[in-house]
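Subject: Structure for you to look at

Hi,

Have a look at it first, then read on.

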Amino acid sequence: MSPAQRTCLSDSLVHAFDMLWEGLPSICAVEAAICSLEASGLFNAGLGARLQMDGIRRMDASIMEGHHLQAGAVAGIEGVQHPIKVARLVLERTNHVLLVGPLATRFARGFTMKFQPRVGKARTSKGGTVHKKPNSEELETVGAVALDRSGTLAAGASTGGIGVMLPGRVGDSPLIGSGVYADNESGAVSMTGFGESIIRIAVAKEITDRLAGGISPSPAARFVLRKLVRRIQGSAGALVLSRTGQFTIRHTTPHMAAGYWNGKGRVVVADRFS
């Protein structure tokens, strides 16, 4: 993790916590934290999202609140500065959960979302078969979880996908129950990592189900991530927050840039958690 990334994470945590301290809903804090990371260009989301094999930047995002179990998501959206904002619009302005592709982009334009500067297309070779499992350092999906004064949980995630990615591929980040889940009766989870493996285990929902059964965040996350490795050799990291405010950060990868703050002491930001 670079010094710039460390500073960005710390600032986003302080800003989001200040919103919670002022009494704003957890979904606003989650959106604000992710917006800061999308705008920085330092992570694989928003302005920093990778170009896909055809030279186009496509992004995914989702957000969920735990009181009414409302959720919104976008997949394969192009050019938007803040995909997480569009995901929240899907939650609040439609009866749907997930919008995809060019029509998701058109939906964003209808709400005058900010768009990124145009980028040139990257050169790609013709033909061949793509089969590559990404390295852990390629997986800088951004996400956040929060609990507000009313006891409502929220979770969100935003990503530009993986380094070698066929156009049309969708990972876990916009899939409710895989990359993101929030339920006031259990907890909130936001995932990062190899999306195909996270989807196959439905990791976010499985962790929250264990929280609902009375297991605390650390053992719940540890059990499910071990299952991910044991069953399908997957790799992932998880932000987990219970309905009582207990939390953990767990990962199977060597490093995971993340942090937390409860308003007391110093903000904790690191690239490795036990």
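Lys227 and Glu206 are both buried, where buried means under 20% relative accessible area, exposed means over 50% and partly exposed lies in between (1.4 Å probe, protein chains only). Their side chains meet in a salt bridge of 3.2 Å, N to O; the term stands for a side-chain nitrogen of Lys or Arg within 4 Å of a carboxyl oxygen of Asp or Glu. Lys227 belongs to helix H7 (residues 217-232) and Glu206 to helix H6, so this pair ties together parts that are 21 residues apart in sequence. Helices (H or I, at least four residues) and strands (E, at least two) are DSSP runs, numbered from the N terminus.

Before going further, please keep in mind that this is a predicted model, in which local features need pLDDT of at least 70 and side-chain atom pairs count only at pLDDT 80 or more, while totals for chains, interfaces and linings use all residues. Residues are numbered from 1 along each chain as its sequence is written, and side-chain values use heavy atoms, with hydrogens and water left out.

Helix H6 (residues 203-212) also holds a pair of its own: Asp209 and Lys205, 4 residues apart and separated by about one helical turn. They form a salt bridge whose closest N and O atoms are 2.6 Å apart. Asp209 is partly exposed, at 42% relative accessible area, and Lys205 is partly exposed too, at 30%.

Arg88 is buried at 14% relative accessible area, whereas Glu92 is partly exposed at 44%. As a reminder, an α-helix has 3.6 residues a turn, so residues three or four places apart point the same way. Both residues belong to a salt-bridge network that also takes in Glu31 and Lys85. In total, the structure holds 9 salt bridges.

Glu31 brings us to helix H2, where it is one of the buried residues. How many of the 15 residues of H2 are buried? The count is 12, so H2 is largely enclosed by the rest of the structure. Among the elements covering its buried residues are helix H1 (3-21), helix H3 (83-93) and strand E1 (58-65). H2 spans residues 26-40 and reaches 22 Å from its first C-alpha to its last, close to the 21 Å expected at 1.5 Å a residue (1.5 Å times one less than the number of residues). Just after H2, Gly41 takes a positive phi of about 75°.

Val100 sits in strand E3 (residues 98-100) and is partly exposed, at 48%.

Finally, some overall figures. The protein chain has 7 helices and 11 strands, and 53% of its 274 residues count as buried. Among contacts (heavy atoms within 4.5 Å) between residues at least 6 apart in sequence, 62% join residues at least 24 apart.

Best wishes
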